[in-house]
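Q: Could you go through this one with me, a few residues at a time? I'll ask as I look.

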Amino acid sequence: MPTIVESAASLELTGIELAFGNNKVLRGVDLAVPAGSTACVIGPSGSGKSTLLRATNRLLEPAAGDIRLGGESVLKSNPDELRRRIGMVFQHFNLFPHKTVLENITLPLRKIKGLTKEGAADAALVQLELVGLKEKASARPGNLSGGQQQRVAIARALAMKPEVMLFDEATSALDPELVKGVLGLMADLAGAGMTMVVVTHEMGFAQQVADQVAFMDRGVVVEAGAPEKLFSAAESPRLRQFLSQVL
Ligand code: ADP
Ligand code: MG
């Protein structure tokens, strides 16, 4: 178990719409993720998966729809406060290269949570130990493998004690031999009761870890359901075609 999940909350997205100019990228997305469960989002490139995650923690503002965390709408809350409650892990880690591993984790704890230097360092070391990287605390990200860097990014997000974790193709940039370790950490986190939305091309992970799989195409969730159902008895022709290409 990589962490003690203290406060996982439910996440409900309803009717989320978002456009870039004339390009309507999200056209009414609905997704309900019960507290402590994992939803995997699959779908072709350009279908709006990354945009959906970014709208969920309001790196992008949805034009319509609602986002509820623990049953309460968060569209009017402070975006910084929301990002403390919803952690996000990106494909390319997004670590500060000139800071140490420890500083990468303590920085948001101090800036956003207002922890003291000592308090932040203590919390960061606890998370680093849980992802198996305590001995790398004073290393620079560039001296770590991609898999280790992604573990640091996950530790950084978890140190904020989020209620939901979003993963956007967290293993797509990793060398194949490093993928398993990061997916294992994510599976442990799911097992520990975190609420997670995982955009992934790893169909094995979706089959084994997801409580539900949502297939996105052209800005909507076309079909969602339990992985056993979705992977073996897809209803939508678009999903059947997608699965025939990736499985
Ligand atoms: P996915 O993650 O499923 O591959 P994205 O959410 O990244 O899809 O992109 C969906 C669509 O939104 C694409 O047509 C993409 O070109 C467009 N898009 C994404 N981000 C931006 C942006 N910052 N500005 C303009 N268009 C964007
Ligand atoms: Mg994407």
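Q: Where does R218 sit?
A: In this predicted model, R218 is in the loop between β9 and β10 (220–225), where helices (H or I, at least four residues) and strands (E, at least two) are DSSP runs numbered from the N terminus. Residues are numbered from 1 along each chain as its sequence is written, chains are lettered from A and ligands numbered from 1 in the order in which they are written, and side-chain values use heavy atoms, with hydrogens and water left out. As a predicted model, it is read so that local features need pLDDT of at least 70 and side-chain atom pairs count only at pLDDT 80 or more, while totals for chains, interfaces and linings use all residues.

Q: Is R218 buried or exposed?
A: R218 is exposed, with a relative accessible area of 52%; buried means under 20% relative accessible area, exposed over 50%, and partly exposed in between, with a 1.4 Å probe and protein chains only.

Q: And what is its phi?
A: Phi of R218 is near 50°, a positive value in a residue other than glycine. F93 also has a positive phi, near 65°, and is likewise a residue other than glycine; F93 is in the loop between β6 (86–89) and α3 (101–111), and is buried at a relative accessible area of 12%.

Q: What else is D217 in contact with?
A: Leaving aside neighbours within four places in sequence, D217 is in contact (heavy atoms within 4.5 Å) with P44, S47, V222 and R238. D217 counts as buried because its relative accessible area is 9%.

Q: What about Q212, also in β9?
A: Q212 lies in strand β9 and counts as buried at 16% relative accessibility. A polar atom of the Q212 side chain lies 2.6 Å from the backbone oxygen of A32, and, apart from neighbours within four places in sequence, the residues in contact with Q212 include L31, V33, T38 and P227.

Q: T38 comes up there, so which strand holds T38?
A: T38 lies in strand β3, residues 38–42, and is buried, with a relative accessible area of 1%. Beyond neighbours within four places in sequence, the contacts of T38 include Q212, D211, V209 and M194. The C-alpha atoms of T38 and A187 are 149 residues apart along the chain and are separated by 9.4 Å.

Q: Switching to ligand 1, which residues are around it?
A: The residues around ligand 1, meaning those with a heavy atom within 4 Å of it, are F20, N23, V25, P44, S45, G46, S47, G48, K49, S50 and T51. P44 and S47, which are around ligand 1, are also among the contacts of D217.

Q: Which polar atoms come up to its oxygens?
A: A backbone N or O atom of G46 lies 2.7 Å from an oxygen atom of ligand 1, a polar side-chain atom of K49 lies 2.8 Å from an oxygen atom of the ligand, and a polar side-chain atom of N23 lies 3.4 Å from one.

Q: How much of ligand 1 does the protein cover?
A: The protein covers 60% of the 560 Å² of accessible area that ligand 1 has on its own, with areas from the Shrake-Rupley method and a 1.4 Å probe, and, for residues, only the protein chains shown counting as cover.

Q: Which elements supply the shell?
A: The elements that give two or more residues are β2 (23–33) and α1 (49–56), and α1 provides the largest share, 3 residues.

Q: Last one: what does UniProt list for this chain?
A: An unreviewed UniProt entry lists "domain: ABC transporter" for residues 11–243; UniProt positions are given in the numbering used here, feature names are shortened, and annotations may be inferred rather than shown by experiment. Over residues 11–243 the chain is 39% helix and 26% strand, with the end C-alpha atoms 26 Å apart.

Notes. Polar contact = N/O pair within 3.5 Å; in protein donor to acceptor, adjacent residues only side chain to side chain.
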